[in-house]
Amino acid sequence: MVLSARQLTAKISKSKNIKALQSLYQLHGDRMDRLHLSALLHRCGQVPKSEVGLPVWLKEVVGRLHCDAKTPRELASGLWALAKLRAMAEAEEWLKELPEEREWKPQELSNTLWALATLSLKEEMWYKTLAQWSTKRMESMEGQHLANISWALATVSHEDEIWFSALHKEMSRRREMNDLHLEPKQLANIFWAMSKLGFRGSLLWQLGDDLSRPGRLDHFQGRDLAALVRAYASLEVLHEGLFRSVASAAQKTLTSFSSQDLQNLSWAYALAMRFGLSGEDLEVDGHVAPDLRRSQTPSLLVAGASSNRDDKNGHFDEVIEVAGGLSEVAVAVAGLEADRPGSPRRVLLVNPALGQLLSQCQVVTPLDLDG
């Protein structure tokens with residue numbers, strides 16, 4: 001059966017899996033033009049897949065598209081699909097030459113940078129060039145563009161001060177104009193990027209004031225709340241009102257927190273406490289959420305297997321040696337926590353590398369989000 005160009009496009013968009021797309025290409029590939037091939041590659045990135053990399057027939061599709069100069073739309077769409085397919089080698093080849101700057105739109109810049117970072121491609125010039133072009137178009141960018149580009153630059157540790165300085169000014173301008181529209185996930189990703197690269201400014205305090213108002217955090221999921229305070233704590237921007245509001249909101253949405261979210265939230269509040277916020281600073285409706293006082297006499301310290309087993313202030317009552325990695329350590333810690341109150345002071349010895357990582361840890365009052 002011979003399909004028209006429109007029917008072929010419809011068939012591609014409705015295909016549910018890689019096998020269906022492969023069958024379509026084998027039957028009609030010789031009649032597919034660049035629009036069909038681009039749509040086919042993009043759809044391959046959308047549907048479920050069971051293997052990493054490209055099968056032979058899909059490599060042929062990529063090769064046909066790569067023969068001619070690509071528009072920014074083709075480049076961004078193809079790179080996005082290649083990132084989804086984890087096809088690093090093909091993506092690097094795809095980027096041998098960028099279209100001219102004037103041809104790019106915000107969505108294409110956003111998708112391209114996201115794809116590069118997702119594949120962990122490290123060519124510094126790509127990020128520098130695309131970030132520079134993105135900065136010039138910042139005023140016309142939507143929240144998702146700002147978040148994607150910031151996330152991408154931070155993911156590959158590209159410390160682009162020009163982009164983040166412009167972002168800080170643009171977000172401040174939009175806030176003053178009451179035109180700063182960011183979804184919780186977008187805001188969390190931007191703050192995460194700033195904290196990872198160490199960028200902070202007055203905007204963080206201003207947005208902290210905004211987010212501390214009643215109801216402003218109602219639509220934040222656990223991941224977003226945790227990311228928010230983790231970024232603030234990392235940058236030592238200890239906005240007490242925001243930390244109180246997040247603690248209150250977290251009590252209401254605890255079921256949406258993953259184990260990683262809880263870990264990030266706990267870490268953020270512990271770090272805030274280290275920099276000076278006390279339990280009283282975080283009181284919410286008569287409840288301290290959470291109590292951040294550090295234990296003055298910790299029952300558990302962690303050290304490497306090669307460490308001196310004597311405490312700086314005296315000898316530990318018991319020494320426990322644990323061979324293995326994190327899972328074995330977790331079992332040992334769970335056993336210690338199950339002991340009766342008033343148990344002797346102890347030191348937990350693990351392998352040297354893990355011990356070095358954990359050597360600064362102390363047992364503190366647990367994070368209690370139940371109020």
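## Aromatic pairs

The chain holds four aromatic pairs, counting rings of Phe, Tyr and Trp (its six-membered ring) whose centres lie within 6.5 Å. This is a predicted model: local features need pLDDT of at least 70, side-chain atom pairs count only at pLDDT 80 or more, and totals for chains, interfaces and linings use all residues. Residues are numbered from 1 along each chain as its sequence is written, and side-chain values use heavy atoms, with hydrogens and water left out.

One of the pairs is Phe-164 with Phe-199. The two rings are stacked, at 5.0 Å centre to centre and 20° between the planes. Planes under 30 degrees apart count as stacked, over 60 as edge-to-face and the rest as tilted. Phe-164 sits in helix H10 (residues 161–176). Phe-199 lies in the loop between helix H11 (184–197) and helix H12 (202–211). The pair links distant parts of the chain, 35 residues apart. Both Phe-164 and Phe-199 are buried (under 20% relative accessible area; exposed is over 50%, partly exposed in between; 1.4 Å probe, protein chains only).

Phe-191 and Tyr-232 form an edge-to-face pair. Their centres are 5.5 Å apart, with 80° between the planes. This pair also joins distant parts of the chain: Phe-191 belongs to H11 and Tyr-232 to helix H13 (residues 222–234), 41 residues apart. Phe-191 counts as buried because its relative accessibility is 1%. Tyr-232 is likewise buried, at 1% relative accessibility.

Gln-221 is placed in the loop between H12 and H13. Its relative accessibility is 47%, so Gln-221 counts as partly exposed. The C-alpha atom of Gln-221 is 7.1 Å from that of Thr-253. Along the chain, Gln-221 and Thr-253 are 32 residues apart.

## Helix packing: H5 and H7

Two packed helices are described by the angle between their axes and the distance between the axes. Helix H5 (residues 72–84) packs on helix H7 (residues 106–118) at an angle of about 30°, with axes 8 Å apart. Axes are lines fitted to C-alpha atoms, for helices over the stretch in contact, and angles run from 0 to 180 degrees between N-to-C directions. H5 is therefore roughly parallel to H7 (under 35 degrees; over 145 is roughly antiparallel, 65 to 115 roughly perpendicular, the rest oblique). The crossing is left-handed, meaning that the near helix is turned anticlockwise from the far one by less than a right angle.

H5 contributes Pro-72, Arg-73, Ala-76, Leu-79, Trp-80, Ala-83 and Lys-84 to the contact (heavy atoms within 4.5 Å). H7 contributes Glu-108, Asn-111, Thr-112, Trp-114, Ala-115 and Thr-118. By class, the contact of H5 with H7 has seven nonpolar, three polar and three charged residues. Ala, Val, Leu, Ile, Met, Phe, Trp, Tyr, Cys and Pro count as nonpolar, Asp, Glu, Lys and Arg as charged, and the others, Gly among them, as polar.

## Helix packing: H2 and H3

The axes of helix H2 (residues 18–28) and helix H3 (residues 34–46) cross at roughly 160° and come within 10 Å. H2 is therefore roughly antiparallel to H3. H2 and H3 cross in a left-handed sense.

Ile-18, Leu-21 and Tyr-25 of H2 meet Leu-37, Leu-40, Arg-43 and Cys-44 of H3. Six residues of the contact of H2 with H3 are nonpolar, none is polar and one is charged.

## The whole chain

The chain has 17 helices and seven strands. Helices (H or I, at least four residues) and strands (E, at least two) are DSSP runs, numbered from the N terminus. Of its 371 residues, 47% count as buried. Among contacts between residues at least 6 apart in sequence, 74% join residues at least 24 apart.
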